[in-house]
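Below are my notes on the model you sent.

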Amino acid sequence: MEEDLDWIEEIEEKVEEEYPATKVMMDEHRVIERALSVLKKAIEKKIEDEELYLSLAEFFSKYTGEIHHGKEEEIVFKVLREKAPKHIIDMVEALENDHRVGAELVGKIKENASNFEKLKDFALAYHSMLRDHIVKEDQGLFPAMHPYLSVEEEKKLLKDFERIDKEKEKYERLVAELEEKV
């Protein structure tokens with residue numbers, strides 16, 4: 001068990017130093033996990049608050065969908081399709097499918113924000129799917145893709161992220177506000 005923790009610490013240090021774009025993606029996962037926690041707590045507490053669920057749907061649509069998944073699909077996955085072998089591309093395709101399913105579930109959350117009984121199943125399905133998705137990326141794709149990306153390419157990815165990050169801080173503040181509500 002202790003060896004596992006050493007391995008994780010080594011990966012985190014390496015990500016920090018050599019893979020700055022991956023670090024951004026993983027940091028965004030931590031923000032997304034905070035929003036998922038708000039969603040799950042609200043469902044567990046049976047909070048019937050249309051505004052809360054609409055705000056969460058907006059966060060998941062904009063931050064998770066447009067900003068985070070936008071970086072993956074428009075930047076990272078494009079580079080991987082050019083450089084990585086088939087097993088990495090297969091992972092990318094599975095993750096893109098998760099993005100589509102997630103977007104559909106967020107639509108259902110938004111559509112049913114005023115009806116807790118209809119909303120809760122979509123919310124729990126989204127929570128479960130996205131938690132698994134994050135693990136697939138953090139522990140699967142990201143470590144597997146590094147042999148195919150140089151440090152210079154990682155830095156270029158980071159620079160390319162800037163064009164997508166325009167509203168990132170706004171949605172990170174929104175998560176903090178939503179955490180206060182539940």
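**Notes on the helix packing**

1. This is a predicted model.

2. The buried positions of α4 are Ile 88, Ile 89, Val 92, Leu 95, Glu 96, Asp 98, His 99, Gly 102, Leu 105, Val 106 and Ile 109. Note that Glu 96 and Asp 98 are on this list.

3. The length of α4 checks out. The helix covers residues 86-111, and at 1.5 Å a residue its 26 residues should span 38 Å; the end C-alpha atoms are 38 Å apart, so the two agree.

4. The largest nonpolar core holds 52 residues, and those touching the most other members are Tyr 53, Phe 59, Phe 60, Leu 80, Tyr 126 and Leu 141. At least two residues of this core come from each of α2, α3, α4, α5, α6 (151-161) and α7 (168-181).

5. What does Leu 141 touch, leaving aside residues up to four places away in sequence? Its contacts are Phe 77, Leu 80, Ile 88, Met 91, Val 92, Leu 95 and Lys 136.

6. Helices α2 and α7 pack with their axes 9 Å apart, at an angle of about 35°, and their crossing is left-handed. On the α2 side the contact involves Val 24, Glu 28, Val 31, Arg 34, Ala 35 and Val 38; on the α7 side, Lys 168, Glu 172, Val 175, Ala 176, Leu 178 and Glu 179. By class, this contact between α2 and α7 has seven nonpolar and five charged residues, and no polar ones.

How values were computed:
Residues numbered from 1 in each chain as written. Predicted model: local features only at pLDDT ≥ 70, side-chain atom pairs only at ≥ 80, totals over all residues. Heavy atoms only, no water. Helix = DSSP H or I, 4+ residues; strand = E, 2+ residues; numbered from the N terminus. Expected span 1.5 Å × (residues − 1). Buried < 20%, exposed > 50% of the residue type's maximum accessible area, 1.4 Å probe, protein only. Core = buried A, V, L, I, M, F, W, Y, C linked by side-chain atoms within 4.5 Å. Contact = heavy atoms within 4.5 Å. Axes fitted to C-alpha atoms, helices over the stretch in contact; angles between N-to-C directions. Left-handed = near helix turned anticlockwise from the far one by under 90°. Nonpolar A, V, L, I, M, F, W, Y, C, P; charged D, E, K, R; others polar.
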